[in-house]
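Subject: Handover of a structure and the findings on it

Dear colleague,

Please find the structure handed over to you below. The notes that follow set out what was found in it.

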Amino acid sequence: MSETKTSLMDAAEKRMRTGGYHAFSFRDLADDLGIKSASVHYHFRQKEDLGVAVVERYSDDFFDTVEALIDSGHAPMRAYAEAYRKSFKEAETGCLCGMLGAETRGLPDRVAEAVAAFMDRNIDWVVDVLPDGLSAEARRQAAVQVVASLQGALMLAVSLQDAWMLDAIVEGLSVD
């Protein structure tokens, strides 16, 4: 991937995480990077294409972080919870897909589908690492509760600009 394309995706992600999908234009991104708007269109024909690319990259990066934490010795659920904490500590913003999820009805279909795919991937991942012995329905319900708790705690941390609530949720989850 070219450096310009990566920089465009970085700038778009930052703007989406702080203001949502509709809070910027290609011209804004061009201004951010000191390039012409035509250069943005060269890399992404439409804003929808950019939105999908950013969401898919974010999803892959999130799960790469989880896997790296597991590889460094964290238990799987602890690694998953820590990825949420790491997201806030590094960017002091919420989850990109949590932010976009709040505006799903106003998103282009392909972007909304990419956001839903991220949330489904989260739930499926948690289902896969929950202890055996629970019914499929109970596993899915527990996974939804974990994802919702972390997403909500992250939203509160951003709103209050204080990670204590996110930290409390992470520590309070039965993740080991």
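In what follows, a residue is called buried when its relative accessible area is under 20%, exposed when that area is over 50%, and partly exposed in between. Please bear in mind that this is a predicted model.

**T93 and its contact with R17**

The cut-off above applies directly to T93, which counts as buried because its relative accessibility is 8%. T93 is placed in the loop between α5 (76-91) and α6 (96-101). Its side chain makes a polar contact of 2.9 Å with the side chain of R17.

The side chains of R17 and E13 meet in a salt bridge, with 3.1 Å from N to O. Both residues belong to helix α1 (residues 3-19), where they are four residues apart, about one turn of the helix. E13 and R17 are both buried.

Side chains of opposite charge can pair when their charged atoms come close. How many salt bridges does a search of the whole structure find? The search finds 12.

E48 counts as buried because its relative accessibility is 18%, whereas R110, with a relative accessible area of 38%, is partly exposed.

R110 also meets D49 in a salt bridge of 3.0 Å, N to O. Here again distant parts of the chain are linked: R110 in helix α7 and D49 in helix α4 are 61 residues apart. D49 is partly exposed, as its relative accessible area is 23%.

Salt bridges with shared partners also join D10, E13, R17 and R57 into one network. E13 and R17 are the pair in helix α1 described above.

**Surface patches**

Which residues form the negative surface patch? They are D61, D64, E67 and D71. Of these, D64 is placed in helix α4, which covers residues 47-71. D64 counts as exposed because its relative accessibility is 51%, and the cut-off for that word is over 50%.

There is also a nonpolar surface patch of about 320 Å², made by L156, L160 and W164. L156 is placed in helix α8 (residues 136-160). With a relative accessible area of 38%, L156 is partly exposed.

Q161 is found in the loop between α8 and α9 (164-172). The phi angle of Q161 is near 50°, a positive value in a residue other than glycine.

D167 is placed in helix α9. Is D167 buried or exposed? D167 counts as buried, because its relative accessibility is 19% and the limit for a buried residue is under 20%. The side chain of D167 is joined to that of R85 by a polar contact of 3.0 Å.

**Two pairs of residues separated along the chain**

Two C-alpha separations complete the account. S7 is placed in helix α1 and counts as partly exposed, because its relative accessibility is 25%. S7 and D32 are 25 residues apart along the chain, and their C-alpha atoms are separated by 9.6 Å.

With a relative accessibility of 39%, D120 counts as partly exposed. The C-alpha atoms of D120 and V147 are separated by 9.9 Å, and these residues are 27 apart along the chain.

**Where to begin**

With kind regards

Technical notes
Residues numbered from 1 in each chain as written. Predicted model: local features only at pLDDT ≥ 70, side-chain atom pairs only at ≥ 80, totals over all residues. Heavy atoms only, no water. Patch = residues over 30% accessible without salt bridge, like charges linked within 9 Å, V, L, I, M, F, W, Y side chains within 5 Å. Areas by Shrake-Rupley, 256 points an atom, 1.4 Å probe, with all protein chains shown as cover. Salt bridge = Lys/Arg side-chain N within 4 Å of Asp/Glu carboxyl O. Lys, Arg positive; Asp, Glu negative; His and termini not counted. Charge placed at Lys NZ, Arg CZ, Asp CG, Glu CD. Helix = DSSP H or I, 4+ residues; strand = E, 2+ residues; numbered from the N terminus. Buried < 20%, exposed > 50% of the residue type's maximum accessible area, 1.4 Å probe, protein only. Polar contact = N/O pair within 3.5 Å; in protein donor to acceptor, adjacent residues only side chain to side chain.
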